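Hi there,

Here is the structure I promised to pass on.

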Amino acid sequence: MPTIEDSTSSLQTPTVGKAFRDQRGMRFGGCLHQMRTDPLGLYTRTWREYGDYVRLRIVPHIHCFVLTHPDAIEHVLLKGHKNYRKPDIFYKSVSLLIGNGLFTNEGESWIHQRRLAQPAFHSQYLAQLGSVMVAGAQAFVREQEQVGRGGQPIDMVDAMMQVGLRIASTTLFSSDISGDTDAIGRAFRTGFVHVSNRLNSSQMIPNWLPTPANIKFARAKRLLDRAVWEIIEARRKSSDQPKDLLSMLLNARDENSGAEMPRQQLMDEVLTLLTAGHETIGAALSWTWYLLGLHPEIQENVFDEIHARLQGRSVSVDDLPHLPLTTAVFEESLRLYPPGWGELRQTIAADEINGYAIGSREIIILCQWVTHRHPDFWDEPDKFKPERFLGTAAENRHRFAYFPFGGGPRICIGMQFAMMEGPLVLATILQRFRVELVAGQNVVPDATFTLRPRHAMKMVLHPRGATVS
């Protein structure tokens with residue numbers, strides 16, 4: 001999530017190459033307040049007025065560079081990735097919540113962690129988890145059928161967060177903790193707000209200082225740590241040792257000393273994966289239902305595809321290649337509302353990005369929210385059009401015009417996991433319900449860390465027919 005970064009470099013850039021355009025806020029006090037209150041609007045307005053390569057003043061003597069053209073994104077994430085790292089201030093802030101896991105780590109340590117976790121996200125292993133993902137969605141279907149709400153709306157955001165937590169905990173750790181969704185969800189949101197505030201602050205208050213915000217964050221962090229440690233301890237005490245990611249982490253040994261993974265690192269890795277598997281997929285599914293609620297004709301087309309293929313039976317991973325519209329709907333939702341709506345990088349050495357010279361230790365913002373709406377690469381970019389991802393439509397599109405999972409060596413390790421889970425959950429729920437968005441709601445994005453609806457999103461589930469077997 002792109003936010004302010006503390007840059008030690010001056011406002012001087014190399015004199016060679018093209019010059020970045022200066023956003024007008026550079027002349028005055030900067031745009032820190034806009035970054036805090038409306039970052040999506042700020043980056044959108046900046047791009048519309050100044051283009052794809054912009055230098056943005058945050059506060060006096062602190063600035064960043066906003067890059068929105070896919071060529072520039074490809075350079076930073078892929079072609080020149082060795083010269084770009086996640087900034088220290090990003091690590092110092094985000095690690096307060098999730099520690100030194102895959103998301104925050106850098107260098108050789110990150111490479112070691114990635115290699116350790118990679119087998120758990122191999123396509124062959126993930127295929128075995130499809131039935132667990134479907135079971136998580138079916139549990140939600142059964143709960144709604146048993147309640148028998150009779151047209152009463154539910155908060156689809158809370159519902160999808162619970163589904164996401166159930167699937168993440170059962171697939172990665174073979175432990176269903178979705179009963180604690182409310183407490184865990186609140187703790188995560190408190191943590192995200194705290195991290196975002198620190199990233200968007202020109203003066204960082206020490207985390208040990210007992211301010212009301214720090215005390216609230218500390219309580220949330222203790223709750224999350226306790227939930228994670230209970231998962232780990234329950235596994236260690238159990239005679240059943242399933243072959244899941246948690247087992248891989250528990251059995252990992254240092255290549256040189258043979259020592260097991262330290263307790264803190266183990267907790268950091270589990271919490272990082274739980275955060276990604278719960279919050280991001282919950283947000284992605286929430287936005288997908290929102291878009292299907294706005295477009296009931298597309299929702300019915302998806303149902304027709306699912307029904308024609310499944311005829312009432314449960315969906316499986318093998319069915320996904322035969323459900324192209326279902327998958328395309330999820331992909332288009334990730335285009336319009338990417339949970340990871342921006343990325344931060346910092347130059348290690350001076351560089352040139354497609355002719356634009358940039359110095360060392362400069363902060364760069366790559367904003368999916370803007371690039372995914374770039375009219376040079378997307379026709380009618382603000383419209384929900386799943387057909388963009390059907391057939392050969394994507395063949396001539398720049399591969400970095402769409403990067404909901406990042407790109408290059410640090411592409412999200414859970415990309416395939418999410419691209420299985422999303423369509424499987426959609427197919428399972430749409431088989432049983434027609435989903436209606438309650439009219440008159442003000443559904444707006446909340447860009448605090450992940451992109452999710454700011455308020456409750458009320459939807460009514462109308463039963464379709466026989467229970468899925």
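First, some ground rules. This is a predicted model, so to speak of a local feature we need pLDDT of at least 70, side-chain atom pairs count only at pLDDT 80 or more, and totals for chains, interfaces and linings use all residues. Residues are numbered from 1 along each chain as its sequence is written, and side-chain values use heavy atoms, with hydrogens and water left out.

Helices (H or I, at least four residues) and strands (E, at least two) are DSSP runs, numbered from the N terminus. Two strands pair if DSSP finds at least two bridges between them.

**The sheets**

Let's begin with an open sheet of 6 strands, in the order β1-β2-β3-β9-β6-β4, with mixed pairing. β1 (21-22) and β4 (84-85) each have a single partner strand, so one side of each has no neighbour in the sheet. β1 runs parallel to strand β2 (residues 53-59), joined by 2 bridges, and Arg21 is found opposite Val54 in β2. Helix α2 (residues 39-50) packs on this sheet, touching β1, β2, β3 (62-67) and β9 (363-366). Contact here means heavy atoms within 4.5 Å. The direction of α2 makes about 135° with that of β2; axes are lines fitted to C-alpha atoms, for helices over the stretch in contact, and angles run from 0 to 180 degrees between N-to-C directions.

There is also an open sheet of 3 strands, ordered β5-β13-β10, with antiparallel pairing. Its edge strands are β5 (154-155) and β10 (433-437). β5 pairs with strand β13 (residues 458-463) over 2 bridges, and Ile154 has Met459 of β13 as its bridge partner. Across β10 and β13 lies helix α15 (residues 415-432), at about 95° to β10.

**The cores**

A nonpolar core is a set of buried Ala, Val, Leu, Ile, Met, Phe, Trp, Tyr and Cys residues joined through side-chain atoms within 4.5 Å. Buried means under 20% relative accessible area, exposed over 50%, and partly exposed in between (1.4 Å probe, protein chains only).

Which residues touch the most other members of the largest nonpolar core? Of its 126 residues, they are Met35, Tyr43, Phe121, Met156, Met160, Ile232 and Trp289. Helix α11 (residues 263-294) gives this core its largest share, 15 residues. Apart from it lies another core, of 16 residues, including Tyr53 and Tyr356.

Tyr356 sits in strand β8 (residues 356-358). Why does Tyr356 count as buried? Because its relative accessibility is 16%. Tyr356 and Tyr53 are 303 residues apart in sequence, yet their C-alpha atoms are 8.0 Å apart in space. Leaving out residues up to four places away in sequence, Tyr356 touches Lys18, Ala19, Phe20, Tyr53 and Asp351.

**The helices**

The axes of helix α8 (residues 181-199) and helix α9 (residues 212-237) come within 9 Å and cross at roughly 135°. That makes α8 and α9 oblique to each other: angles under 35 degrees count as roughly parallel, over 145 as roughly antiparallel, 65 to 115 as roughly perpendicular and the rest as oblique.

Finally, in helix α4 (residues 88-98), the buried residues include Ile89, Phe90 and Val94. Their cover includes α8, α9, α11 and β6.

Cheers
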